[in-house]
Amino acid sequence: MHFLLKLSGKLISLKKKTIAVMILCFVVLSATIAYALEPDTFNSWFNAFYWVMTTMSTVGYGDFFAATPSGKVFTIFLYIFGIGLLSLVIGKVVEAMGEIQRRRGAGTLSFHGTGHVVLINWSRKTQAAVDEILCYAPKCEIVIIDETGKHPLEQMEQVHFISGDASSDEILLKANIGGARAAIVFSDIRIDEASLVDGKSLLIISSIERIAPQVHTTVEIMQEKHIQNFRHVQVNEFVLSHDAVSRLAVRSALQEGNSEVISQLLSREHGDDIYEVPVNAGWRTYGEAFQALLLQGATLLSDRGDLGINRKLDQPIPPDARLYVVSDEETYRRIKG
């Protein structure tokens, strides 16, 4: 008994690759011995291999069994050691799966997918962003980077977590920032001073732009005076924190009904939405584009950030135009083709 306990202790401490090689050698050698002991029973080495596997797994179909005394002795040996080795393998597999799940929850696993969205700094706004992304693209994978040591949405399989400082190259590379579709930096709510919050966001966005300049970046800014600093590092989009909420509250109070319209445009879950549509080669002016889109059930809203194009209907559409419309998803997909 002492020998078996000592042996099992040594086996458990072995590396997974070593155990896998040992099991493979044991099975192959056992099949070879079984076939050598009873060639008439098994007829082929493969049948002996099949018998060893069914015996070790305790399935025991009974289609093959040892008939000679030496074969039966070997069967007893296989029962004692083979089943123990197989149990060891199963234990190691369960242990490995548990370790992967633990590391996933702790945020120490690297992400290797592409086309994902990276969200930086966890907060209620990040939670809302996750819901909005999955509403827009249910199959989109999301990577959250935060300095907490616990996955905030561990129950959601397509949401991955990286624990660490998002301004670090190592952490950004773990999130495969180079293969990301977009990155959104939210303000760190754990910092009280607004200037320090924007300073941290600027450091993070600078690292992203240096490592993966092709990735579309959006950053939340606490103070409007810092906008020029973020423009300097080539941020694609930025939003002023609390600015939209304040404006929406005032519009709701002074112009009843505005908030409902804006809320629909801010969320893909309810009502129509804003979409970018390709410029048709047959459209010469904004007016032609407006009428053509209107007939398809969409309203032309802007060219990039220019919301005044309805007063420029006779003007030609520039080559670099990016047209946005208000419509439902079905109409948008039909226009896009």
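Reply: Helices here are DSSP runs of H or I with at least four residues, and strands are runs of E with at least two; both are numbered from the N terminus. By that naming, Ile80 sits in helix α5, residues 69-106. The model is predicted.

Start with the helical part. Ile80 has 53% relative accessibility and counts as exposed, because the cut-off for exposed is over 50%. Ile80 also belongs to a nonpolar surface patch of about 480 Å², with Ile76, Phe77, Tyr79 and Phe81 as the other members. Phe46 lies in helix α4, which spans residues 45-56. Phe46 is exposed too, at 55% relative accessible area. From Phe46 to Thr32 is 14 residues in sequence and 9.2 Å in space, C-alpha to C-alpha.

Next, the parallel sheet. Six strands build an open sheet, ordered β3-β2-β1-β4-β5-β6, with parallel pairing. β3 (159-163) and β6 (237-240) are its edge strands, and each pairs on one side only. From one strand to the next, the twist averages 15 degrees. Inside this sheet, β1 (residues 117-120) and β2 (residues 142-146) are joined in the parallel sense by 4 bridges. Leu119 has Ile144 in β2 as its bridge partner. Helix α8 (residues 194-211) lies across β1, β4 (182-185) and β5 (216-221), at about 175 degrees to β5.

Now the salt bridges around this sheet. Take a side-chain nitrogen of Lys or Arg within 4 Å of a carboxyl oxygen of Asp or Glu. The count is then 10 salt bridges. One of them pairs Asp146 with Arg190 at 3.0 Å, N to O. Asp146 is in strand β2 and Arg190 is in the loop between β4 and α8, so this pair ties together parts 44 residues apart in sequence. Asp146 is buried, at 2% relative accessible area. Arg190 is partly exposed, at 43%.

Lys200 and Asp188 form another salt bridge, at 2.5 Å, N to O. Lys200 is in helix α8 and Asp188 is in the loop between β4 and α8, so this link spans parts 12 residues apart in sequence. Is Lys200 buried or exposed? Its relative accessibility is 16%, and under 20% counts as buried, so Lys200 is buried. Asp188 is buried as well, at 5%.

Three strands form an open antiparallel sheet in the order β7-β9-β8. β7 (273-277) and β8 (299-303) each have a single partner strand, so one side of each lacks a neighbour in the sheet. Here the twist averages 35 degrees from strand to strand. β7 and β9 (residues 323-327) run antiparallel and are joined by 5 bridges. Val277 stands opposite Leu323 in β9. Helix α12 (residues 286-295) lies across β7, β8 and β9, at about 145 degrees to β8. Helix α13 (residues 329-336) packs on this sheet and touches β7 and β9; its direction makes about 0 degrees with that of β7.

Arg333 and Glu329 meet at 2.7 Å, N to O. Both are in α13, 4 residues apart, about one turn of the helix. Arg333 is exposed at 53%, and Glu329 is partly exposed at 39%. Elsewhere, salt bridges with shared partners join Asp146, Glu147, Asp188, Arg190 and Lys200 into one network.

Methods
Residues are numbered from 1 along each chain as its sequence is written. This is a predicted model: local features need pLDDT of at least 70, side-chain atom pairs count only at pLDDT 80 or more; totals for chains, interfaces and linings use all residues. Side-chain values use heavy atoms; hydrogens and water are left out. Patches are made of residues with over 30% relative accessible area and no salt bridge: like charges are joined within 9 Å, nonpolar side chains (Val, Leu, Ile, Met, Phe, Trp, Tyr) within 5 Å. Accessible areas come from the Shrake-Rupley method with a 1.4 Å probe; for residues, only the protein chains shown count as cover. Buried means under 20% relative accessible area, exposed over 50%, partly exposed in between (1.4 Å probe, protein chains only). Two strands pair if DSSP finds at least two bridges between them. Axes are lines fitted to C-alpha atoms, for helices over the stretch in contact, and angles run from 0 to 180 degrees between N-to-C directions. Contact means heavy atoms within 4.5 Å.
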